[in-house]
Each structure stands twice: as structure tokens, then as C-alpha cells.
Amino acid sequence: MIVLGGGNKTLDKVYQEMIGTYKNKDFYSSLYNKFIKDILGNKNIQDLTSNDIDYFYIYLTNKTHGGHFYSKNYIKKIMNLLKKIFEYGIEKKYVDTNLVEIKLYFLKSD
């Protein structure tokens, strides 16, 4: 992936920048801190690969809460937040491709 600018921004730093512009942060912060931060937050956004997104999605589909798997709809909300982080990264020229958008396109068949 070509780095367009912004140096080495971790996904967490990009998220923190992005969420600062949101009025209702609570829902997104809850999703981010519970699911995304520990898995992808410390990685530089420009170093993430489609494999990282695949593994993250597989992790979500296998994660349970109270003995039950998370619903596809709930997982989609988490993935949509990750997509928004990449969209913000593109807008700020930290990355040039939204890897999540590409993956979500292929997952629409469920």
C-alpha cells in the first residue's frame, strides 16, 4: 500500500482523530474499545493488509458473548466502524484503499 502522507499513524490514532469529529461517540467508542482496539489498534493503518481484515472478520464470527455468537448484524456494525476509520484515513491521505469496503462488498451475499 502506498503511504500518501501523515507518517506512521496507527489505526488507534486515526480512530482518535476521527471520533473527535463525531457528536455521539459513545456507541462507536464502545464497539472500538471492545472489539477493534486490542486486535488492530496498534498496527499502522498503511501496513494493514486484506489478510488482517479477513482474520479480524473471522475472529468476530467466532467470538461469543454469554455462550452465544454475535449476530451478523452486530458484526456488520463493527465492520462498518472499521470501514469509517479507513474512509477517514483516505480523506486525510493516510491510506489510499479502504480494505474493509472491499471485504464488505464480498460479504454482502449473506
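Reader: What share of the contacts with a separation of 6 or more joins residues 24 or more positions apart?

Author: The model is predicted, so local features need pLDDT of at least 70 and side-chain atom pairs count only at pLDDT 80 or more, while totals for chains, interfaces and linings use all residues. Residues are numbered from 1 along each chain as its sequence is written, and side-chain values use heavy atoms, with hydrogens and water left out. Contact means heavy atoms within 4.5 Å. Among contacts in the protein with a separation of 6 or more, the share from residues 24 or more positions apart is 66%.

Reader: Which pattern does the protein follow along the sequence?

Author: Helices (H or I, at least four residues) and strands (E, at least two) are DSSP runs, numbered from the N terminus. The protein has five helices and two strands. Read along the sequence, they give α-α-α-β-β-α-α.

Reader: Are α1 and α4 roughly parallel or roughly perpendicular?

Author: Axes are lines fitted to C-alpha atoms, for helices over the stretch in contact, and angles run from 0 to 180 degrees between N-to-C directions. The axes of α1 (residues 11–19) and α4 (residues 72–91) come within 9 Å and cross at roughly 85°. Angles under 35 degrees count as roughly parallel, over 145 as roughly antiparallel, 65 to 115 as roughly perpendicular and the rest as oblique. The relation of α1 to α4 is therefore roughly perpendicular.

Reader: With which residues is Ile-85 in contact, leaving aside its neighbours within four places in sequence?

Author: Ile-85 is one of the buried residues of α4. Beyond those neighbours, its contacts are Leu-11, Val-14, Tyr-15, Met-18, Tyr-32 and Ile-45.

Reader: What is the relative accessible area of Tyr-22?

Author: Tyr-22 is found in the loop between α1 and α2. Not counting residues up to four places away in sequence, Tyr-22 touches Tyr-28 and Lys-84. Tyr-22 is partly exposed, because its relative accessible area is 23%.

Terms used:
Buried < 20%, exposed > 50% of the residue type's maximum accessible area, 1.4 Å probe, protein only.
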